[in-house]
Amino acid sequence: MNFDLQDLLLVSISYLLVLFLCAWATEKGWVPQRVVRHPAVYVLSLGVYASSWAYFGSLGIASEHGYVFLAYYFGISGAFLLAPVLLSPILRITRTYQLSSLADVFAFRFRSSLAGTLATVLMLTVSMPLLSLQIQAVSDSIHLISNEYSPKTLAIVFCLMVTLFAILFGTRHISARDQHQGLVVAMAVESVVKLLVMMTLGGVIIFKVFNGFEGVDTWLAENSETLAGMQTPVEDGPWRTMLLMFFASAIVMPHMFHMVFAENRGKQSLNVASWGMPLFLLVLSLPTLLILWAGIKLDSPVTADYFTLMIGHSLGMPWLTIVSYVGGLAAASGLTIVTTLALSSMILNHLVLPYYPAPVQMEVNIYRWLSWVKRLLIATLILASYGFYRLWESQHALYNLGVIAYVGALQLLPGALCVLYWPKANRKGFISGLIAGTSIWLVTMMLPQMIDVGRYGQWFTEMSSYLYQQWHLFGMISLAVNATLIYAISSLTKMSSEERAAASACQVENPDGREHKIPVAKSAYDFHEMLSKPLGSLVARQEVSRALKDLGLKEDESRAHALVRLREMIEKNLSGLMGPTVAHEIVENFLPWDKDKGYVPQDIHFMESRLEAYHTQLSGLAGELDSLRRYHRDTLNNLPMALCSVDGNGDVMLWNHAMKDLTGITAEDVLGGPLLQIQSPWNKILGHFSTIKDQHLLKHSVEIEDRNRYFNLHKASIVAPVSGTSGNTVMLIEDHTENQVMEDQLFHSERLASIGQLAAGVAHEIGNPVTAIDCLAQELKALSDEAETREVAGQVLEQTKRVTRIVHMLVSYAHNGQNRKDNALLEAVNIESCVQESISLLQLGRKSSNIRFLNLCDADHRVVGDQQKLQQVFINLLTNAVDASSDSSELSKSSTITIRTSATPHTVSIEVEDQGHGIPAAIQERLFEPFFTTKEAGKGTGLGLALTWNIVEEHFGSIQIVSPVDKVLERGTRFIISLPRHEPNSLEQEEAGSENIRQRQGYMTYDSHDQWEQEGETV
């Protein structure tokens, strides 16, 4: 049963088109992100490992070496089962420093462009047999199931299709930090296809070839020699070498490194892959023996490698043959696409850019230039692999090609383990070991397979056959020589300082080995200017902006520690773009360190965040020390007193939460920066205090936002734990403003109280001379016969009456609340007269004021209360109204304060309304708090409204504020007081009760002179 070449061409194009559409839909966002970024998709994408060598070649291994074929699955499964100690550390390195290949890792770790170049050349060499294997598998498949003898045309079509796919979906992002989601989804789809094909083949074989599981047991029992032949090679076969080389393939093969690390979605995905990948390979390997046994039973006329294609032909199932062909096509295309993509990045970073740097003219976009170079490299690689396939022309079995490739890649394993676990390994040892091991591999494996040694004599033919049979032995010898030279030469030679720093960064424990240096550039703008020369202005601006965004820094960043981190991030980003060698060279040459300064203050905030992410891995004494560190850190940060610390260079090292609340400046904005460059006035306050000799500075006055604030400052000298240098200072700041204002207000209140007592005493003393003057004036008026004299005497009497009234009000106000008892009887208070008396008192000191008082209180409205206390209430409210009206300069010339009353059967409401500036809603709730005032110090105590509130509550009343009264001009304030209304039983009871109260209180009173005259008395 044969298929036309056109039919196979149509099937191939259709399959690759479906793969293309899956990737396209993913890139367009048509596939939900929860599906694209699911760990299962990542695990399935790792199925690219199951290439044509797994699909076809494992059958050849099984037929020749029996169960040794399981090493192909068990080896890499072991690597994933050891993911926490093998794969996770490499993932951390690649993600931290944006390394896209193992060659990048070697170049970064050994700080050697030669190390990256040699690794790239070796991977390119071992990949040619592997890529040609994929083309050969497709070509041989077509040859076997079609009536065309030479399927080279379809092989070319296959190469063109995978080239187009790799270019479209493998070069959309040129930086290692950007992932190719479409590529990952496409590889996951291919893995599903391979799995379904293998399961379909297994099911058909069981039920069509062996007629069920019992048929399998029966056939195996009848062909026991087959099982014996499969078990014998295990005892002395190449299974150890195969197990090791497939174990190493997880990190040394280009396609696996790219999918495992470069396209990784996160540590969680790798954790799932640590068991998901072995499970996938286990299921995929189950049908292998069934296919081998079915091919033997059906007596397939082809080698064991291609039994999968012949089963459908033998059973007369053409659809099964097409399904088997599609499975092989999926296995070949996946590896070809990913391998060429990974190799193109390595060649660009280590063979092109170091020797042919990108143009930096302003009109050239480096990003676009790199993309086109990478596309050209992909096409060249696939074309070269096709040429390699045509060169060999199916002279070697798939098994041979795979062995050559994997043993060659095995030479990179010692260097990879040194990156993780041996910090003393250096570039000299790595390069020497790699060259020696690779040379043995070339001589014993690669060259004998590439050269027709038969024409050189019988001895060469026998030697080539011997080398082929003992490939596993020479593979281990080359590996041993490689590892031995790395150890010996690294032990005998010294490492450079750059190598030591890189080795420290790559270790699993990863102590921070950064050198404490300061860049020459003093700001982020300087970084842009310096990078413009090697990268061009546009690319330099984009790279600096990207690094600033990654670190969460500002465009005008100038702190020393932040610039160090910025330099590191730029190198990492450039490493993902151009490779670590070129990136390091650019940064070292164009962003040099300042040789005159050898220490940079540590970014405390950054260090704390690093330790927070790492502290779960600490145990024992390290864990206890970390807990102690966290305790002291939290103590300082949560200290209710503002605290900051500066080092000997004047750079801020610590800035706690209380300092942030006090100054409004966050720790991220000041840590590591000069103290003198923080926001004013704190730079002057702290900078001045840090330089003076005094350890304490009490009641330091500073004007902040047009308001005087007072601070107590304390400082102490410490020794920096990082650098061991002196001159470091820790400073504490106490906000003494409220206490100082309260002291001033209490002092002012005490002074007013003293003045009030003096005024009361003076008023008593004035009464005697005024009485004498009054008597003399009355006598003069009564005895004089001259009209003019009597008129003058009358004027004197009028003025004495006025003085008497003033003295009476002052004495009454001075005795307000004194000698009062809590159980004193309340009286009926006439609101109109009480308000008028308050106005009179207030006008004594405001004769020049233009503010008019309008008393509209009803004379019949009376309340139950203490007249003196209520008078205090009205005086406080009227005083505040006068101050508010006086501050409103636009209205002060005609401002009016209105007092009116309204009554209900049980309450009387008194409204005091002014036309002043109003009261902001934000402070209305605090007006009645003791010592709260909006006036300047010395002009108000903050006790008036608090006393008013207490008096109103004592009278079982309420008080409320309406401000502003005029919603248009946003001016005016209205205080509304509601008090219980007085309802007298009779006028006589009211007057008697009032007289009793006055007698018990012992108030001094002055009789009216008019009454004396009406009674006709003379003195």
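How many of the 1019 residues of the protein count as buried? The share is 51%, where buried means under 20% relative accessible area, exposed means over 50%, and partly exposed lies in between, all with a 1.4 Å probe and protein chains only.

Before I go on, please keep in mind that this is a predicted model, in which local features need a pLDDT of at least 70 and side-chain atom pairs count only at pLDDT 80 or more, while totals for chains, interfaces and linings use all residues. Residues are numbered from 1 along each chain as its sequence is written, and side-chain values use heavy atoms, with hydrogens and water left out.

Let me start with confidence, that is, pLDDT, the predictor's confidence in each residue, from 0 to 100. The protein averages a pLDDT of 80, and 80% of the residues score at least 70. Over residues 509–513, however, the pLDDT is below 50, and this stretch has nine contacts in the model beyond near neighbours in sequence, a contact meaning heavy atoms within 4.5 Å. The pLDDT is also below 50 over residues 986–991, a stretch with four contacts of that kind. Where pLDDT is low, the predicted coordinates should not be read in detail.

Now to the overall build. The protein has 41 helices and twelve strands; helices (H or I, at least four residues) and strands (E, at least two) are DSSP runs, numbered from the N terminus. Among contacts between residues at least 6 apart in sequence, 74% join residues at least 24 apart.

What about the interior? The largest nonpolar core has 196 residues, of which W53, F80 and F106 touch the most other members; such a core is a set of buried Ala, Val, Leu, Ile, Met, Phe, Trp, Tyr and Cys residues joined through side-chain atoms within 4.5 Å. Helix 17, residues 318–352, gives the most to this core, with 16 residues. Apart from it lies another core, of 33 residues, among them A881, I899, L927 and I951. In soluble globular proteins, nonpolar side chains tend to be buried together.

Let us turn to aromatic rings. A search of the whole structure finds 18 aromatic pairs, and rings of Phe, Tyr and Trp (its six-membered ring) pair if their centres lie within 6.5 Å, with planes under 30 degrees apart counted as stacked, over 60 as edge-to-face and the rest as tilted. Why is the pair of Y386 and Y389 tilted? Their ring centres are 5.9 Å apart and their planes stand at 50 degrees, so the pair is tilted. Both residues lie in helix 18 (residues 366–392), three residues apart, which is about one turn of the helix, and Y386 and Y389 are both buried. W422 and Y487, by contrast, form a stacked pair, 5.4 Å centre to centre with 25 degrees between the planes. This pair links distant parts of the chain, 65 residues apart, with W422 in the loop between helix 20 (413–421) and helix 21 (427–450) and Y487 in helix 23 (residues 471–492). Y487 is exposed, with a relative accessible area of 55%. Elsewhere, ring pairs link Y49, F69, Y72, Y73, F246 and Y406 into a cluster.

Rings can also have a charge over them, which is counted if NZ of Lys or CZ of Arg is within 6 Å of the ring centre and within 35 degrees of the ring normal. The charged end of R375 sits over the ring of W372, 4.7 Å from its centre, and K715 lies over the face of F689, at 5.1 Å from the ring centre. Leaving aside its neighbours within four places in sequence, D694 is in contact with F689 and K715. D694 lies in the loop between helix 33 (682–691) and strand 3 (696–703), and at 47% relative accessibility it counts as partly exposed.

Finally, the backbone. Most residues other than glycine have a negative phi, and most peptide bonds are trans. Here, a cis peptide bond joins S680 and P681, with omega about 5 degrees, and P681 is in the loop between helix 32 (667–670) and helix 33. Another cis peptide bond joins S963 and P964, with omega about 0 degrees. D299, which is not a glycine, has a positive phi of about 55 degrees, and at 64% relative accessibility D299 counts as exposed. K699, found in strand 3, has a positive phi near 50 degrees although it is a residue other than glycine.
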